[in-house]
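Hello,

Here is the structure I promised to pass on. Please open it alongside this email; my notes follow below.

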Amino acid sequence: MYILGINAYHADASAAIIFNGKLIAAVEEERFTRIKHTAGFPSNAVRYCLQQAGIKIQDVSYVAIPRKRSAQLLRKLFWAVRTPGFAMRRVNVWQKFSSVDEELAIACGVTKADIKAEFHFVEHHVAHAASAFYCSPYLDSAILTLDGLGDFSSMIWGNGLGNKLNVAGRTLFPHSLGLYYSAICQYLGFNNYGDEYKVMGLAPYGKPKYIDTFRNIVHHNKELNYNLDLEYFTHHKSGADISWRAGKPLMPKLFSTALERDLGPPRLPNEPLKAHHYDIASSLQFRLEEIIIGIANELYERTGSNSLCYAGGVAFNCVVNGKILSQTPFENIYIQPAAGDAGLAIGGAAYLYHHSLGNKRSSFVMDHAYWGPEYSEDLIRESLVSSGLDYVEMNDDVLARSVAERISEGDIVGWYQGRSEWGPRALGNRSIVADPRRAEMKDILNSRIKHREDFRPFAPSILEEFTAEWFEQEYHSPFMQMTYQVKQNRVSDIPAPTHVDGSGRLQTVNASNNQKYYKLIKEFHEITGIPVVVNTSFNDNEPIVNTPDEAIASFMRTKMDTLAIGPYFVRRK
Ligand SMILES: [Fe+2]
């Protein structure tokens, strides 16, 4: 039984396909359109998933769409009556969803009548929860989702048991921790959809001086709920629907003049960052942590489970994630790599298979992130030949050794291998890799390749077995979703990926989740005694490179020194 999951008409449009409950392929549309967070219909992603499964759309039994019109209907009607323009926006959204079968037919080059699949609509947050639970190794787990808004909710909690997922409570529009974070990001001049992770990186430069104000902005009474003080926001009046232009998602303005009254004028996007802005970012993050840790502790009490499956855009806040493990009794946490809305494609499909259709829990566990497109060695070689670059073919061992030597000599290396990563993090298949021992490497990477804000940290990839020696916490983090403190006596060994507060957003690597990348770091460890490399995504202010042509173009355009693409080694002369 093939089920196609489609996250459409929303940012991070994506598709995923499962066969008898097991994932075969998943990818975000942005990798093909080359527009970050692409919204709209994921035609390219759907075609890739079908191709990877080796089937046609006619072979698909069900299509799962993570959006449900009937969810919170009374609440929607209440706000539609109260707020001008609200009902019209809802109607517009639903007009798009009612023609989803037509768009699917067009994407697949067939007629609507050719598609035999049944269409099922799964509530947004239920799909988030399912994306974590059914990909996790746990048969019994607490469940938490947190995001901006989806189907009028911003949080659900409950538990998963075997093939069933039970929602016990929820927080509804207009209250939202995700919108709280996004609103303050906008106030700080970070206006692009998805900029929240930048502000998370900014927070350690400041002190939570404004925590009293932030405790007024969002209230939490130790229960499994929170409330925004709406005086500080506008979305309850104007709506928080994301629109998009040429695929690029756009957020409406979310904060009100009350924020300016209490914190001063908002920062313009190009204005220099000052201590005041750092302190606001720190206060924002501090308040988020207080509330989520409170919620997680309460959730543990209510469910009694040792494991937590966690999803939604807020689950990308890896600083909070690390603290959930150290400041609550939860012993296990599972966050799949596409914790945000892209992950809904998998969640919708997995929920339909298990919970709705009643199939017994599949043995599938997502323990690696490599579910995207792969290109053959022949195609890679053709791309290299047409680029005019000189290359040498190597076996895996020689390639790992040669690249590790180059990294230890200070080279910046493009590392393009196998299937691309699902989710926003490069995890050793579409990565740029560098020497963590060189303090200047952060600035070099920024000036030569990435051209991004200099306050943002780079991440360490570490051989999993060395985690406890190098970090204060050792719970595995294969999808780079945990931030831990680097051990004090190790900070000077790896200055490049250590943030200003001594933390690192680490990826733990083992031989079973990525053998080639493991081998590379192991070689680097043998040469230098350091089991860590700097890992940043293979891109330059664009979605992560997808095809060999894009990787080679990026290598030639930027100032990378070395490229390891498939079995081919290229050194810039
Ligand atoms: Fe969401």
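How many of the 11 residues of strand 6 (residues 140-150) are buried? The count is 10, which leaves the strand mostly covered. Keep in mind that this is a predicted model.

Strand 6 and its partners

Strand 6 pairs with strand 7 (residues 153-161). The two run antiparallel and are joined by eight bridges. Ser-141 has Gly-160 of strand 7 as its bridge partner. Together the two strands make a hairpin, with two residues between them. Strand 6 is also joined to strand 13 (residues 307-311), this time in parallel, by four bridges. There, Leu-144 is partnered by Tyr-310.

Look at the turn of the hairpin. Asp-151 sits in the loop between strand 6 and strand 7. Its phi is positive, near 50 degrees, and the residue is not a glycine. Asp-151 also counts as buried, because 23 other C-beta atoms lie within 10 Å and the cut-off is 20 or more.

Two more backbone points

Most residues other than glycine have a negative phi, and most peptide bonds are trans. Tyr-9 is another exception on phi, with a positive value near 55 degrees. Tyr-9 belongs to the loop between strand 1 (2-7) and strand 2. Tyr-9 is buried too, with 22 other C-beta atoms within 10 Å. The peptide bond from Phe-173 to Pro-174 is cis, and its omega is near 10 degrees. Pro-174 is in the loop that links strand 8 (164-172) to helix 7 (177-187).

Strand 2 (residues 14-19) meets strand 3 in the antiparallel sense, over six bridges. Within that pair, Ile-18 is opposite Leu-23.

Strand 18 (residues 459-463) and strand 20 (residues 503-509) are parallel, with three bridges. Ile-462 faces Thr-508 of strand 20.

The core

The largest nonpolar core has 177 residues. Which of them touch the most other members? They are Leu-4, Ala-16, Cys-49 and Ala-349. Helix 12 (residues 275-303) gives the most to this core, with 10 residues. Beyond its neighbours within four places in sequence, Ala-16 has contacts that include Leu-23, Cys-49, Ile-346 and Ala-349.

A helix pair

Helix 6 (residues 124-133) packs against helix 14 (residues 344-356). The angle is about 90 degrees, and the axes are 7 Å apart. So helix 6 is roughly perpendicular to helix 14. Helix 6 makes the contact through residues including His-124, Ala-127 and Ser-131. Among those on helix 14 are Leu-344, Gly-347 and Tyr-351. The contact residues are seven nonpolar, five polar and no charged.

Best wishes

Terms used. Residues numbered from 1 in each chain as written. Predicted model: local features only at pLDDT ≥ 70, side-chain atom pairs only at ≥ 80, totals over all residues. Buried ≥ 20, exposed ≤ 12 C-beta atoms within 10 Å, placed from the backbone. Pairing = 2+ DSSP bridges. Core = buried A, V, L, I, M, F, W, Y, C linked by C-beta atoms within 7 Å. Contact = placed C-beta atoms within 7 Å. Axes fitted to C-alpha atoms, helices over the stretch in contact; angles between N-to-C directions. Parallel < 35°, antiparallel > 145°, perpendicular 65-115°, else oblique. Nonpolar A, V, L, I, M, F, W, Y, C, P; charged D, E, K, R; others polar.
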